[in-house]
Amino acid sequence: MGLFDKMEKSIEGAVNGVFARAFKGDVQPVEIAARLQRELDSEAKLLSRDKRLVPNSFVVGLSQRDYERLVPYAKTLNAEIVPELRDHAAERRYVFNGPIVIDYELDESLPTGRFTVSSSAADGPHEAAHPHRRPRAHRSPLVLEVNGVRHPLTPPGLLIGRGSEADLRINDPGISRKHAMIHVSGDGDDVSIRIEDLGSTNGIIVNGTKCREATITDGTRLEIGTTRMLVHSPAGS
């Protein structure tokens, strides 16, 4: 089995389930992993007879849709990609100038399914790795985690219910067909998220209190029917 085959098998194992559903038809995580491996090969610079310096700091440019879907899983994805890059480097006798850093950046000029990669051999701290890069257009979206599956909270929001028309369909007898709506508006640091009960039978519980409408922030706990949900930012941004 070749190195790329091993990488593909490892990454595919990491992205089964949630990743496979989230990225169907869009940028695939294994494509990013393979592209970063090729970046090492193409940018390797000879240091000595048997050692070559390769980039350790990468910026992956993504379309709006791919950025919103990928960033909530960035930590998990990078935890799989980085060891594969280190193994590849060890086999080729590549040398890194510092820790491997992989950032994800919005590029609104890219169509869905396309991405770019830029790299450098950086020995400074994370913040100094790309001194000339443009700022991110917005922060990572919060996610609504339900039964271990993360749903990015991006505009305009999510309709939660038991019916087929719901964006987030939950098979829970305590949930109405159109139970609640999570409204997401704004961009960047000025994002507003709130949940609204749509006249359901059992209502909604936010942080232990039953209500008809409430603002949602990082750490908010929701109970709808017998289903518990958590709003958080897995990317840590």
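Entry: I looked up Arg35 and found a relative accessible area of 25%, so Arg35 is partly exposed (buried is under 20% relative accessible area, exposed over 50%, partly exposed in between, with a 1.4 Å probe and protein chains only). This is a predicted model, where local features need pLDDT of at least 70 and side-chain atom pairs count only at pLDDT 80 or more, while totals for chains, interfaces and linings use all residues. Residues are numbered from 1 along each chain as its sequence is written, and side-chain values use heavy atoms, with hydrogens and water left out.

Next I checked what Arg35 pairs with: it forms a salt bridge with Glu39, the closest N and O atoms being 2.7 Å apart (a salt bridge is a side-chain nitrogen of Lys or Arg within 4 Å of a carboxyl oxygen of Asp or Glu). Glu39 is buried, at 6% relative accessible area. Both residues sit in helix 3 (residues 29-43), four residues apart, about one turn of the helix. Helices (H or I, at least four residues) and strands (E, at least two) are DSSP runs, numbered from the N terminus. I jotted down a reminder: an α-helix has 3.6 residues a turn, so residues three or four places apart point the same way.

Entry: How many salt bridges does the structure hold? I noted seven.

Arg92 and Asp41 meet in one of them, at 3.4 Å from N to O. Arg92 lies in helix 5 (residues 74-92) and Asp41 in helix 3, so this pair ties together parts that are 51 residues apart in sequence. Arg92 is partly exposed at 45%, and Asp41 is partly exposed at 29%.

I also found Arg177 with Glu165, their closest N and O atoms 3.7 Å apart. Arg177 is in the loop between strand 10 (168-169) and strand 11 (180-187), and Glu165 is in the loop between strand 9 (157-161) and strand 10, 12 residues apart.

**Entry: Leu159.** Is Leu159 buried or exposed? I read 13% relative accessibility, which means buried. Leu159 belongs to strand 9. Leaving aside neighbours within four places in sequence, its contacts include Glu165, Leu168, Met181 and Leu198 (contact means heavy atoms within 4.5 Å).

**Entry: helix 3 again.** I compared its span with expectation: 15 residues at 1.5 Å a residue should span 21 Å, and the end C-alpha atoms are 21 Å apart, which agrees (the expected span is 1.5 Å times one less than the number of residues). Its buried residues include Ile32, Leu36 and Leu40.

**Entry: the cores.** The largest nonpolar core has 27 residues, and Ile32 and Leu36 are among those with the most contacts inside it. A nonpolar core is a set of buried Ala, Val, Leu, Ile, Met, Phe, Trp, Tyr and Cys residues joined through side-chain atoms within 4.5 Å. Helix 5 gives the most to this core, with six residues. Not counting residues up to four places away in sequence, Leu36 touches Phe58, Val60, Ile81, Leu85, Ile102 and Val117. Another core, of 22 residues, lies apart from it, with Leu144 and Ile204 among its members.

**Entry: the whole protein.** I ended with totals: the protein has five helices and 17 strands, and 45% of its 237 residues count as buried.
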